Amino acid sequence: MLRRSFRAKDLSCFIQKRTNSNKITKPLEGIRVLELGQLIAGPFCGSILGYYGAEVIKIEPPKIGDPLRIWRNLDSDGQSPWFRSMARNKKSVCIDLRTEEGRSLVKQLAEQSDVLVENFKPGTMEKWGLGPDDLYPANPKLIYTRISGYGQTGPYSKRGGYASVCEGMGGFRFVNGHPGQPPVRPNMSLGDSLAGLHAALGVLLGLIAKNKLAGGSGGKTGQVVDVAIYESVLNMMESVVPEYDRFNQIRQPSGTTLTGIVPTNTYPCKDGKHVIIGGNGDSIYVRLMKAIGREDLTGEKYKVNSDRVREQETIDGAITAWTLEHTTDEVLETLEKVSVPSGKIYDAKDIIEDEHINARGMIENITVGSEEDGRGWNLKVPGMSPVLDTTPGSTEWAGPDLGQHTNEILKDLLKMTDSDINALGEQGVVKLK
């Protein structure tokens, strides 16, 4: 049961709106996106746009398709659940971009699209005759979105850029870790996802700008959105640059703490688990100290954050001594009563089972395949944020099988006949499901 006043009826109504089960118009309906990216950065951008209603046509190479299909754990059909989540709401079209015929097909699709997303090494699209200058004469309204390690300009632009390397250049890896130890990598491709998020923002800005440019004399209302992975990381670095400029101070790794903010840390509990406590607000700090029986650590000496920074070791030591005497649940229950921000550290099981996350509709269920084709299993995927009150996004279908929509798209958009499509399939230019 849900705690407090959140009734079952309330939950049902909220989830219905959250998952768009009443088929309310989504904000990006009517927008066609041609996704040429692979793996994470470009496809995550496409996932966001598709979740909120855009038609996303995903171009994949024949044979294995997007390599993400076979990354990590694979289901019995040989496909990754990660791909089924990342490619939700997309249409898979298999075209071999290494062939002239394949590139011609993609160019025709681009001419009928509102947005193009690609994350190839800079220069690749131009080499294929699919660069902005190649497409704008026929489609001056196109939002041409490019994701790369270092951007399309500058001395590093031609370098290949993986998120792991770009997280280093963006400054994140330096501050993420423990003092005196090697920098730590988070167990995910954070830079790629941040780049995808920035790309989605860039797409929306480009679409809004089209209306402002429509009255101009040039005729071109589309534009290139240039997203660099390292810049997406750099955007998250808060005060690192201005503090260095003004005080010649280089932010150092600080383990489980946050430099210059006290107390905010991870604390061990009696049951071997850890909790996060954020008691750095002045009034919150006083409530925290009273709750753990350490009012002696309040008063003028600890009144504001700068005072507490000087006493960080003493304060963290006192909190640790208290949490070690209690279980995780006991700590959280005590601190919730006095409104001190705190929480456990969730793993995947915790996320899927948490009542609040489920009440918010952030765990969605989709079906992969059907019983008729020997599949038909349920897959849980995370919902996407933000939650829109009137025009929410939702997951409509799982990431498609390879080439599932090739025939449909070539017929409907390019008006090709069955014989034309079959001939391209025999030549290996396209792959039909």
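A residue is called buried under 20% relative accessible area, exposed over 50% and partly exposed in between (1.4 Å probe, protein chains only). Helices (H or I, at least four residues) and strands (E, at least two) are DSSP runs numbered from the N terminus. The model is predicted: local features need pLDDT of at least 70 and side-chain atom pairs pLDDT 80 or more, while totals for chains, interfaces and linings use all residues. Residues are numbered from 1 along each chain as its sequence is written, and side-chain values use heavy atoms, with hydrogens and water left out.

**View A. The protein chain contains 19 helices and twelve strands.** Along the principal axes, its C-alpha atoms fill a box of roughly 85 × 55 × 45 Å. Of the 433 residues, 43% are buried. Among contacts (heavy atoms within 4.5 Å) with a separation of 6 or more, 68% join residues 24 or more positions apart. The chain has an accessible surface of about 22,500 Å², and carbon and sulfur atoms contribute 53% of this area; the areas come from the Shrake-Rupley method with a 1.4 Å probe, and for residues only the protein chains shown count as cover.

**View B. Seven strands are arranged as an open sheet of mixed pairing, in the order β6-β5-β4-β1-β2-β3-β12.** Two strands pair if DSSP finds at least two bridges between them. At the edges stand β6 (223–228) and β12 (430–431), each of which pairs on one side only.

**View C. Strand β4 (residues 115–118) directs V115 and V117 one way and L116 and E118 the other way, and all of these residues are buried.** Strand β1 (residues 32–35) runs parallel to β4 and is joined to it by three bridges. Across this pairing, L34 stands opposite L116, and E35 has V117 as its bridge partner. Strand β5 (residues 143–148) also pairs with β4 in the parallel sense, here over four bridges. In that pairing, I143 of β5 stands opposite V115.

**View D. Helix α15 (residues 328–337) has T328, V331, L332 and L335 as buried residues.** These residues lie on the same side of α15 because they cover an arc of only 90° around the axis, the arc being that of the directions from the helix axis to the C-beta atoms. In general, an α-helix has 3.6 residues a turn, so residues three or four places apart point the same way. D329 and K337 are exposed on the other side of α15. The cover over the buried residues of α15 includes the strands β8 (274–278) and β9 (342–344), together with the helices α12 (282–291) and α14 (312–323). After α15 comes S339, which has a positive phi, near 55°.

**View E. The rings of F120 and W128 form an edge-to-face pair, because their centres are 5.2 Å apart and their planes meet at 80°.** Rings of Phe, Tyr and Trp (its six-membered ring) pair if their centres lie within 6.5 Å; planes under 30 degrees apart count as stacked, over 60 as edge-to-face and the rest as tilted. Both members of this pair are buried: F120 has a relative accessibility of 16%, and W128 has a relative accessible area of 18%. The structure holds six aromatic pairs.

**View F. Y150, Y156 and Y230 are linked into a cluster by ring pairs.** Over the ring of Y156 sits the charged end of R159, 3.9 Å from the ring centre. A charge is said to sit over a ring if NZ of Lys or CZ of Arg is within 6 Å of the ring centre and within 35 degrees of the ring normal. Elsewhere, K344 lies over the face of Y346, at 5.7 Å from the ring centre.

View G. S47 is buried, with a relative accessibility of 1%. Neighbours within four places in sequence being left aside, the contacts of S47 are M86, A87, K90 and M384.

**View H. K212 belongs to helix α9 (residues 190–213).** The relative accessibility of K212 is 70%, so this residue counts as exposed. From K212 to L97 the C-alpha to C-alpha distance is 34 Å, and the two residues are 115 residues apart in sequence.
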